[in-house]
Amino acid sequence: MNYTININNKECSAEQGETILDVLKRNGIKVPTLCHLKESMPTGACRMCIVEDMKSGKLITSCSFPAAPGMEIKTHSQRVVEARKTIIELLLSNHPDDCLYCVRDKNCELQNLSEEHHVRERRIRGKKNKEKLDLSSASIVRDPEKCILCGRCVTICEEVMGVSCIDFINRGNKAFIGTSFNQGLNTSSCINCGQCIMVCPTGALTEKNHFAEIQSAINDQNKTVVVQYAPSISVSMSEEIGLEPGMDNNGILNAALRKVGFDFIFDSSFAADLTIMEESAELIRRITNEETLPMITSCCPGWVKYAEEFYSDLIPNLSTCKSPQQMMGAVVKTYFAEKQGINPEDIYMVAIMPCTAKKFEAQREEMVHKGISDVDAVLTTRELTKFLKLYGVDMFNIDPEVTDSPLGFRSSAGKMFGASGGVMEAAIRTAHFKLTGKELVNFTIPQVRGFEKRKETQIKISDLELGVAVVNGMANAKVLLDEIRAGRKDIQFIEIMACPGGCIGGGGQHIGTDDKQLAQRMKTLYDIDKKETLKVSHKNPEIIELYQNFLGEPLGHKSHELLHTHYQKRDVMI
Amino acid sequence: MGNIKNILEKYQEPSRDNLIPILQDIQENEGYLSKESVVQVGSYLNLPSSKIYGVATFYNQFRFLPKGKFHIQICRGTACHVLGSATVLQELEKQLKVKAGETTRDGLFSVEVVACIGACGLAPVITVNGEFFAKITPDSLQAIIEDYKNKEQ
Ligand code: SF4
Ligand code: SF4
Ligand code: FES
């Protein structure tokens with residue numbers, strides 16, 4: 001049923017089941033929101049979105065109030081505007097006044113709202129929040145002082161990630177957000193995905209920062225500082241830097257990193273190709289030897305930790321392959337070090353990732369080989385931008401350069417890792433070739449592309465019928481995993497990415513990324529694949545060389561030692 | 001732990017609606033809600049323990065540490081409030097170096113804030129293991145605590 005409601009003296013069409021906010025948005029009327037999260041049940045926690053209902057004379061929250069026929073709404077009456085301003089002043093009354101020192105300075109919703117509402121003096125003085133930082137996690141830092149209790153982090157952690165390691169604790173003016181028994185995040189079931197950072201309106205949530213260590217490595221004459229960047233970085237950094245969204249900034253990124261002073265620059269997509277060589281071989285081995293199936297990808301460290309906590313019975317299903325980040329580190333500190341005549345201990349490996357969980361992964365004890373860790377420090381996309389600024393790199397005035405070699409060359413299959421479905425498609429391309437000696441027709445598997453929560457399809461490789469599934473968003477994976485647990489047998493290969501859309505939507509990306517930009521990133525990755533001629537990992541000449549000169553065979557002895565690992569059940573408060 | 005299992009078994013339908021009664025039941029039997037018991041309730045009701053902790057801390061009635069040997073209840077009802085129970089609580093927390101709801105490290109004292117205990121004539125009032133102490137001042141409070149400490153030695 002369609003009807004109209006009167007908004008600001010104009011009749012606007014509304015549909016059954018819509019909230020007032022839905023109607024406002026569709027009609028291009030902007031009201032501020034703080035606690036609202038699209039696709040979640042409204043909580044009405046912040047009251048920023050109030051509008052005046054002229055019939056009842058009440059101020060109502062537009063995000064949670066259903067539109068009804070005959071309503072008369074004013075969105076910017078004097079009363080509404082003043083009330084909103086008071087709400088902001090109240091939020092600020094106990095908020096630390098350290099915008100100058102805050103990571104979210106100039107990208108903070110509270111700051112923006114305060115500016116938009118002309119809050120220019122301190123009318124209401126409250127006692128400032130005084131709480132300790134939670135620095136326990138390898139990835140996430142929580143600063144309760146800056147929390148405005150909007151609850152978005154709680155919602156995303158529960159509904160999108162299916163983790164629920166945080167909630168409101170206590171009540172009234174004693175309420176705060178914390179883990180079970182208010183312990184450090186590191187002892188909770190937090191998977192370090194960083195999606196809570198992505199939705200936090202303030203600086204209450206940030207990634208753990210390693211600038212100082214990286215800087216001192218760069219300044220250390222005895223260190224060779226090597227950097228790798230994940231497949232999605234070059235297509236997702238634009239928004240942070242102010243370049244046109246959706247561009248592939250590969251070349252200027254190489255140049256910029258060289259300007260900063262990194263000695264060698266690699267694209268982790270090379271290691272993604274390497275992962276594909278190992279993972280497709282593992283898939284074929286598992287099928288041929290009738291080992292545990294379905295095999296599930298293990299590139300996503302958020303998902304790996306989730307498996308260790310919630311689905312430890314499925315750990316045998318996890319591919320033993322390390323993620324590209326770790327494989328890159330492992331070959332740089334062995335093969336590359338040998339070739340260059342550098343002592344592996346003098347190599348400092350930095351990884352630029354779209355992901356906060358990669359920080360956790362880098363410091364896992366499984367990722368240390370002969371006392372040397374594969375990767376020493378991880379920067380998120382956001383931190384990368386800050387780093388480039390620190391070193392005065394002008395991204396608008398820079399000529400593209402190429403990566404270093406060997407280990408610098410990549411196929412477009414490796415590049416696709418950045419999008420949900422990319423690992424699957426890349427792996428199938430190589431598995432197809434290995435099983436049949438022929439390339440996959442057209443190379444593409446459109447059924448596993450796109451943003452749907454779950455993509456399933458059957459792939460025929462000669463007489464093998466392969467059932468595959470691709471899921472993104474941890475909560476969506478949970479549904480599929482329960483089906484597997486319950487005995488579903490028609491799927492042999494699963495790709496799981498914890499973040500919505502895959503790494504392009506990772507928790508280390510630009511805060512404030514919208515759906516359009518996200519879609520653009522995915523499109524750019526697939527455009528690269530369309531345009532380029534080297535579409536399969538197994539034809540990457542530097543991969544072939546790496547196997548010939550160093551690794552031998554996929555799943556061989558060296559690979560086993562450097563590129564594979566095992567995971568274990570993890571005891572945390574669930 | 002077997003205890004918790006017995007309690008849970010009383011609630012045949014593992015539904016979220018039973019959460020509060022289950023927690024009350026556990027507290028009554030165990031004296032407090034331990035991490036282990038919360039995790040167990042969580043797996044029984046299929047609820048994350050953070051949610052249970054969130055719900056339990058919403059109410060004043062739940063404690064998360066075992067009671068001390070001497071359990072002090074301090075009344076924060078209206079009459080006691082008017083006669084300065086806020087200062088008494090502050091003083092108590094200062095002297096014992098714990099917050100309301102907590103237990104001292106040596107396990108001797110625990111503090112619980114209660115709403116009116118119906119002894120308004122004695123305000124501000126505290127009880128120690130059920131024994132009443134009237135018209136508390138910072139000094140008398142210190143004497144009471146010392147007294148119990150000595151009893152222990
Ligand atoms: S990092 Fe992910 S799992 Fe951890 S609290 Fe944030 S949303 Fe939840
Ligand atoms: S930490 Fe951020 S997202 Fe979470 S409740 Fe506080 S302000 Fe909101
Ligand atoms: S956005 Fe509507 S109450 Fe917060």
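The following paragraphs describe the predicted model of two protein chains, from overall form to single residues. Local features are reported at pLDDT of at least 70 and side-chain atom pairs at pLDDT 80 or more, whereas totals for chains, interfaces and linings use all residues. Residues are numbered from 1 along each chain as its sequence is written, chains are lettered from A in the order in which they are written, and side-chain values use heavy atoms, without hydrogens or water.

The secondary structure of chain A consists of 20 helices and 19 strands, where helices (H or I, at least four residues) and strands (E, at least two) are DSSP runs numbered from the N terminus. Along the principal axes, the C-alpha atoms of chain A occupy a box of roughly 75 × 55 × 50 Å. Of the 574 residues in chain A, 61% are buried, the classes being buried under 20% relative accessible area, exposed over 50% and partly exposed in between (1.4 Å probe, protein chains only). Contacts, defined by heavy atoms within 4.5 Å, join residues at least 24 apart in 73% of the cases in chain A where the partners are at least 6 apart in sequence. The accessible surface of chain A amounts to about 23600 Å², with 51% belonging to carbon and sulfur atoms; such areas come from the Shrake-Rupley method with a 1.4 Å probe, and for residues only the protein chains shown count as cover. Chain A carries 68 positive and 75 negative charges, whose mean positions are 5 Å apart, with Lys and Arg counted as positive, Asp and Glu as negative, and His and the chain ends not counted. Each charge is placed at NZ of Lys, CZ of Arg, CG of Asp or CD of Glu.

Chain B contains seven helices and four strands, which follow the pattern α-α-α-α-β-α-α-β-β-β-α along the sequence. Its C-alpha atoms fill a box of roughly 50 × 35 × 25 Å along the principal axes, and 44% of the 153 residues of chain B count as buried. Among contacts in chain B between residues at least 6 apart in sequence, the share that joins residues at least 24 apart is 60%. The accessible surface of chain B is about 8200 Å², of which carbon and sulfur atoms hold 50%, and the centres of its 16 positive and 17 negative side chains lie 4 Å apart.

The two chains meet through 15 residues of chain B and 17 residues of chain A. About 1400 Å² is buried between chain B and chain A, and carbon and sulfur atoms give 57% of this area; buried area is the accessible area (1.4 Å probe) that two parts lose on being put together, summed over both. Lys35(B), Lys51(B) and Tyr53(B) contribute 40% of the area that chain B buries against chain A, more than any other three residues.

Strand S17 of chain A, residues 454-461, includes Lys455(A), which is buried at a relative accessible area of 2%.

Turning to backbone geometry, most residues other than glycine have a negative phi, and most peptide bonds are trans. A cis peptide bond, with omega of about -5°, joins Leu293(A) and Pro294(A), and Pro294(A) is found in the loop between helix H10 (268-288) and strand S12 (295-296) of chain A. In chain B, the peptide bond from Ala123(B) to Pro124(B) is cis with omega near -15°, and Pro124(B) occupies the loop between strand S2 (109-114) and strand S3 (126-128). Lys370(A), which is not a glycine, has a positive phi of about 50° and is exposed at 71% relative accessibility. Asn46(B) has a phi near 60°, lies in the loop between helix H3 (35-45) and helix H4 (49-58) of chain B, and is exposed with a relative accessible area of 69%.
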